[in-house]
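Reader: I'd like to learn how to read a model like this one. Could you take me through it feature by feature?

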Amino acid sequence: MLEISDLSARVAGKEILTGVNLKVNAGEVHAIMGPNGSGKSTLAQVLAGREDYEVTRGSVTFEGRDLLSMRAEERARAGLFLGFQYPVEIPGVNNVYLLKAALNAKRKAAGEPEVDAYEFLALIRQKMKFMQMSEAFLSRGVNEGFSGGEKKRNEVLQMLVLEPKLAILDETDSGLDIDALKVVSTGVNSLRGPQRAVVLVTHYQRLLDYVIPDQVHVLSGGRIVKSGDKTLAQELERRGYDWVMESRVA
Amino acid sequence: MSTKSQEVEALVGQKYRHGFVTDIESDSLPPGLDEGVVAAISKKKDEPKFLLDWRLKAFRHWRTMKEPNWAHVHYKPIDYQDISYYSAPRAPANAPKSLDEVDPKLLATYAKLGIPLHERARLAGVAVDAVFDSVSVATTFKEKLGKAGVIFCSFSDAVRNHPDLIERYLGMVVPPTDNFFAALNSAVFSDGSFVYVPAGVRCPMELSTYFRINAAKTGQFERTLIIAAEGASVSYLEGCTAPMRDENQLHAAVVELVALDDSQIKYSTVQNWYPGDENGLGGIYNFVTKRGECRGRNSKISWTQVETGSAITWKYPSCVLKGENSIGEFYSVAVANNYQQADTGTKMIHIGRNTKSTIVSKGISAGHAQNTYRGLVKILPSAAGARNFTQCDSLLMGPQCAAHTFPYMEVKNPTATVEHEASTSKIGEDQLFYCLQRGISAEDAVNMIVSGFCKVVFKELPMEFAVEAQNLLSVSLEGAVG
Ligand SMILES: Nc1ncnc2c1ncn2[C@@H]1O[C@H](COP(=O)(O)OP(=O)(O)OP(=O)(O)O)[C@@H](O)[C@H]1O
Ligand SMILES: [Mg+2]
C-alpha cells in the first residue's frame, strides 16, 4: 500500500528526514516510536503533502502511485488521512460543514454523487455515538474551544466518516484519559480491515495494548533505526531509547 | 432681493440656458462645476426654491474647503472641473446589444453571484426589454407600503410630493457643510431614496434599492434620507451587487438616518462597485458620508456593511446617540484585494445618558491591498453610564497586503465603560493545510476560513443578503491564495 524509500526532507534549511525506508502492506498496523524531535511528525506531514517541507531525496508510492507528485488534497481524496498531533481551530467554520465538504470532495473525486443531507446527518450521528461525543459538537466551530482530548476524538470521528485506506495517526493517544483512550482505540480498530492500513505515531505502549501492531519502528535522527514486532514496543517501554542507539553504533 | 443674489440669478439663468443646449442633445451637462451647473441640476429636476438655495449654500461652502488627506489612501488628485455632474443613462446606441457582446469575465462573475440571467443582462447594460424593469414589482410594493402609510420613493419624487418632510429633515444629520464630499454631494446630488415610516408602524417588508439599479448606475451623487417616527421600525437594504466597469469614477453619496423615540432603523449594505483590475487600473472612488442620529430615547440604529468593491473606499457609517438609552451598532466586513484601498470604520458619538454602542469590524486584505479600520468612540460629559464595546479583527492573505487599525477614543464621562479588542492574523497555513488534508480544494478552504472569520457580521444581514454577501466574498478573493 505504502512504500517509502530513502526519503529525505528538510524544513527551514534544516535536514530533518535523512533516509527513511518503510513498507506498509494493506491490512497491517504499524507503530512508529522515537524520541521527541526525531522527525515523526515531519514524516507524517511530508506524506500528507505539506508544502513547507522540501523533499530532497527518495520516493514514496501509495497504491502504486507516485505520492510525492500529488497535491495534498489529491492525496486525501485518494484515501490518505492524517490525524494531526495538534488539530487546528478554525473559528466560525462549522465542524459538520467541514466534514461534509471533505466527504463530498472525496466522493466527487471518485465519481460518486454528493451525500444527501439527511443521510449524512444520520451517518455522523451514528459515528458520534460510537465515539461517545455529545451532539453539541455538531454545531460548534472546527475544534473551536475543544479540549485537547476532544480534539483527538474529533480527529478519529473524521477518520471514521471519511474511511481512508491509509490512516496516519500522529499521537492521537496523547492527552486522552483512560476511557477516551479506549474509545479512540475502538475507533481505530473498527477501521482495520484487509483493504486498509494504519500507521500509529505514539510514545506509549498503552495504546498498543488496545491496537495491536504488526510492526513497530523506532525513528531517530530522521531515519528508522530499528524495527520489530509488538514486543519491541514493550522493550522500549522498559528500557527507553538509549540502548537502541547504542546497539546501532556497536 | 439683494444685488448679490440678482447677480446669481442672472448667472444661473445664463448658465442654465447654456447648459441645456447640450442637455437636449445628450441629456447630460458638460464637465465643469460652478453655480450655474448647480442651478441647472435643480432646474432640471424642477425643485422648489428652498432646495436650490440649500444646494447653492453647500456649493459656496464646498469651494472654501480642502479635500481631506488624512485617510490611509492614495490616488491621483481629482479634477472636479473634469467631471460631468448630471448625466442620464447611457444611450442605448453605445450599450451592448446582447449578452454576446459583454465581457465574458463580467458574466462569469454574475453567474457566480447567482444573479438571474435577465438581471445579468440588465446589470451589464444590455438594452433589454422594459419587461425586466420590475415596474409591476415596484407597484405591488408601493400598494402594500401605502396601506401601512410608509413612504418609499426616489428622492426626486419625495421633493415633488413631500417637500415639507424634505425641508424639515434634509441635512439634519449631515449638514451641507459637514465635510468636503458631503458638501459636494449636497450641491450636486442627482437622486436617491427617501423613506418615511410613520409613528407606530413596523414597515411590513424589507426595503431595498435593488430593483432601482438603473438609477444607481447614473447616480454618482446619491442622497438617501430615512426617517423612523416614534415607535416605528424599518430595515433597509442598499446595494447593487453589480460590478461597474467604468474608469476611476467618483462616487460621493450621503445617507442620513433619523430615529425618533423608541424607533429602530437597520441599514444593510453590500457594496460591490467595480474595484479596478488586477493591476489597479480603473475602479470606483467611493467617498461616502453615512450617519444616523438616534434623536429619540430608546431608539436604535444599526449599520451592517459588507464592502468588497471600489478602488478606494472612504466610509465611516456613524451614530450620534442623543436620546437616552439609545443604541448604535456597526457590523462591518471590508475586503480589499489586488490594489484596492479601504479606509473604513465608524464613529459612535455618545451624548445621551445610558447610551450603548457595539462595533464589530472584520478586515480582510489580500494581494497588494491596504485595509484600514478607523474608528472613533466619543463619550461626552452628558453621557453618564454610556457603554461601548469594540472588536476589530484583521485577516491577512499573503505577504504583500497590510492592515492598519486606528481606534480613537475620547471619554469625557467617568461613569462610562469602553472595551476594545483587536487582533491581526495571517490566514493560517495550518488551517489551510488542515482543510487540504481533508480533501477540500484550496479555493473552497479559503472561502470557508474567511466566511468563518466573518460569521458574526453575516449573522446580522437579512437572510437573502447573507447568501449574496458570502458569494461576493468568494468572488472577490478568488485566486488570493494558492
Ligand atoms: N518549521 C520548522 N522550522 C524549524 N524546525 C522545524 C520545523 N518543523 C520541525 N522542525 C524541527 O524538526 C525536528 C523534528 O520535528 P518533529 O515535529 O518531526 O518531531 P517529532 O518526532 O514529531 O517530535 P515529538 O515526539 O515531540 O512530537 C525538530 O527538531 C523540530 O524542531
Ligand atoms: Mg510529533
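Reader: What area do chain B and chain A bury between them, and how much of it is on carbon and sulfur atoms?

Author: Some ground rules before that: this is a predicted model, where local features need pLDDT of at least 70 and side-chain atom pairs count only at pLDDT 80 or more, while totals for chains, interfaces and linings use all residues. Residues are numbered from 1 along each chain as its sequence is written, chains are lettered from A and ligands numbered from 1 in the order in which they are written, and side-chain values use heavy atoms, with hydrogens and water left out.

Author: Now the general idea: the size of an interface is often given as the accessible area lost when the parts come together. Here buried area is what two parts lose in accessible area (1.4 Å probe) on being put together, summed over both. For chain B and chain A that comes to about 1900 Å², with 65% of it on carbon and sulfur atoms. B:F433, B:Y434 and B:R438 supply 38% of the area that chain B buries against chain A, more than any other three residues.

Reader: And how many residues of each chain are in contact?

Author: Contact means heavy atoms within 4.5 Å. By that rule, 18 residues of chain B touch 29 residues of chain A.

Reader: How many salt bridges and polar contacts cross over?

Author: A salt bridge puts a side-chain nitrogen of Lys or Arg within 4 Å of a carboxyl oxygen of Asp or Glu. The rule finds two across this interface. B:D430 and A:R50 meet in a salt bridge, at 2.9 Å from N to O. A polar contact is a pair of N or O atoms within 3.5 Å; within protein, one must be able to donate a hydrogen and the other to accept it, and residues adjacent in sequence count only if both atoms are side-chain atoms. Between chain B and chain A, twelve residue pairs are in polar contact, both residues at pLDDT 80 or more.

Reader: Which element supplies the largest share of chain B's side?

Author: Helices (H or I, at least four residues) and strands (E, at least two) are DSSP runs, numbered from the N terminus. α11 (429-437) and α12 (442-458) of chain B each supply at least two residues of the side that touches chain A. The largest share, eight residues, comes from α11(B).

Reader: Let's go inside chain A. Is A:D173 buried or exposed, and which side chain of opposite charge is nearest?

Author: Buried means under 20% relative accessible area, exposed over 50%, and partly exposed in between (1.4 Å probe, protein chains only). For charge, Lys and Arg count as positive and Asp and Glu as negative, with His and the chain ends not counted. A:D173 is buried yet has no salt bridge; A:R206, the nearest side chain of opposite charge, is 4.9 Å away. A:D173 sits in the loop between β9 (166-170) and α7 (178-191) of chain A. Its side chain does make a polar contact of 2.6 Å with that of A:T202. Leaving aside neighbours within four places in sequence, A:D173 has contacts that include A:L181, A:Y204 and A:L207.

Reader: What about phi of A:E63 and A:N143?

Author: Each has a positive phi without being a glycine: about 50 degrees for A:E63, and near 55 degrees for A:N143. A:E63 lies in the loop between β4 (54-62) and β5 (65-66) of chain A, and A:N143 in the loop between β8 (141-142) and α6 (148-162). A:E63 counts as partly exposed because its relative accessibility is 41%. A:N143 counts as buried, because its value is 0%.
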